[in-house]
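Open the model in your viewer and keep the selection panel handy.

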Amino acid sequence: MLNTLSSTMHLNALDNVVIARVEIPQGTALPDRGVTAGSRIPRGHKMALTAIPRGEPILRYGQVIGFAKSDIAPGDHVHVQNCEIHEFARDHAFGVDAKPTDYIQPQATFQGIVRPDGRVATRNYIGILTSVNCSAGTARYVAEAFRRNPFTGDEGLLKDFPNVDGVVALTHKTGCGMAIAGEGMDTLRRTIAGYAQHVNFAAVLIIGLGCETNQIGPIMQSRGIQAGTKLATMVIQESGGARKTVEAGIAKVLELLPEANNVTRVTVPVSNLIVALQCGGSDSFSGLTANPALGHASDLIVRHGGTVILTETTEIYGAEHLLTRRAVSPEVGQKLLDRLTWWEEYTRRSGGEIDNNPSPGNKAGGLTNIVEKSLGAVAKAGTTNLVDVVGYADQVTEKGLVIMDGPGFDPVSATGQIAGGANMLCFTTGRGSVFGCKPTPSIKLATNTPLYERQTDDMDINCGTIADGTETVEECGQRIFEIILSIASGERTKSEQIGFGDDEFAPWQLGATV
């Protein structure tokens, strides 16, 4: 249990390590733990609570996070120098922990924008998408003509359209020099098509070059999209070049703006929310504060009838048994294991391994290996049933907790979640990410108070209150839930106030560049 008077946190009665709440100098006696620090223990790092003989498991969260590489004495710093990971048996036991969802009635509500097809938006943008990198500059010039300046308050061409959140160009670095068919092209087209249909776009313009591998037609065919009053296309080589396409693009957006502005927010239930769960720049506190608090908020979203999407499959590795045990069926549990098998083979073909995932910043923050990172990361998913596992950028249709396959690199995995329909995103960070992701609002949750105070212009929520002992996980989770509803209703996130979110569109690139 968390002891608010202690300099360490003991997370589970089974654990043979504690986590330093503050830096602990060498030789510091900890009477409440019955040990003396054998060396300096950095803030957020692990200290052995008992002797751990070589080869014996190291336990955090009541789970195995590795094995002692050498004999570890009580009070020793436990990290990469004396902890190693190797395969061990996990009980995947499909569905044994699944239970009926305890739905909350009446449902909570927020102020959303109801589209003609009944879907509910949290934002109201016009999007400029591209088929290929070669049309990226043209798309940007169209969007720049409508750019608001968050620092001067200049509204530019949008001054008469207050209900339009902006015109945003989301460009990418591929679309040609790749196989015309196959996994890579299918993934790219599915991602672009998902954005073209995103509920937070009132209208979309797709710009192509003309000779690229990734033609606009097949993009639209991949999801049965039809051009119309709210989805237009332009091809630079057919429009007379870049300048004429920019001029025509600006004219098209000006034509779209009056109808896009004609929206009113109305009261809608939380069941209309699809919340992407993300983490980046994680530290040891991620699994202690922000992630479990977000997990509590996720449970509230699901219990009010909504959907949450967990991704970053490589950051589920080592903790997958906690999710398969909550699967609603053996088929759903097996789908997750199948994706992990694919990742093992994929990283092996690339000459790497899944444990390459923790970054230097993660390790400096106290995370030793991918298993420890994963155990903390899956806490974002709360405790409700796992109802589906979907492919990258696939449309999410089930209500409840859904896993989307994707890499651990957060811009790429978040892009997939948004393509899949996420209209809100919550992003936990311990080292200090500044992530934005138009057209979906990105709420940043700091895992520790020093980060929140250092980057107050970037962080929306301080979850360090849990480690500080001033708030419980449940209290913080309730606060996150309430802030999600406020942001969904139109309140601006810190990244939106700054204007971030134009450059984080990053489709997953699979296959050879030729």
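How many helices and strands are there in the protein? There are 15 helices and 23 strands; both are DSSP runs numbered from the N terminus, helices being H or I of at least four residues and strands E of at least two. With a radius of gyration of 24 Å, close to the 24 Å from the globule rule for 514 residues, the protein is as compact as a globular protein of that length. That radius is taken over C-alpha atoms, and the rule is 2.2 Å times the number of residues to the power 0.38.

A note before you select anything. This is a predicted model: local features need pLDDT of at least 70, side-chain atom pairs count only at pLDDT 80 or more, and totals for chains, interfaces and linings use all residues. Residues are numbered from 1 along each chain as its sequence is written, and side-chain values use heavy atoms, without hydrogens and water.

Show the C-alpha atoms. They fill a box of roughly 75 × 45 × 45 Å along the principal axes.

Color by burial next. Buried residues (under 20% relative accessible area, 1.4 Å probe, protein chains only) make up 58% of the 514 residues.

Now select helix 1, residues 136-144. Which of its residues are buried? Ala136, Thr138, Ala139, Val142 and Ala143 are.

Notes: Buried < 20%, exposed > 50% of the residue type's maximum accessible area, 1.4 Å probe, protein only.
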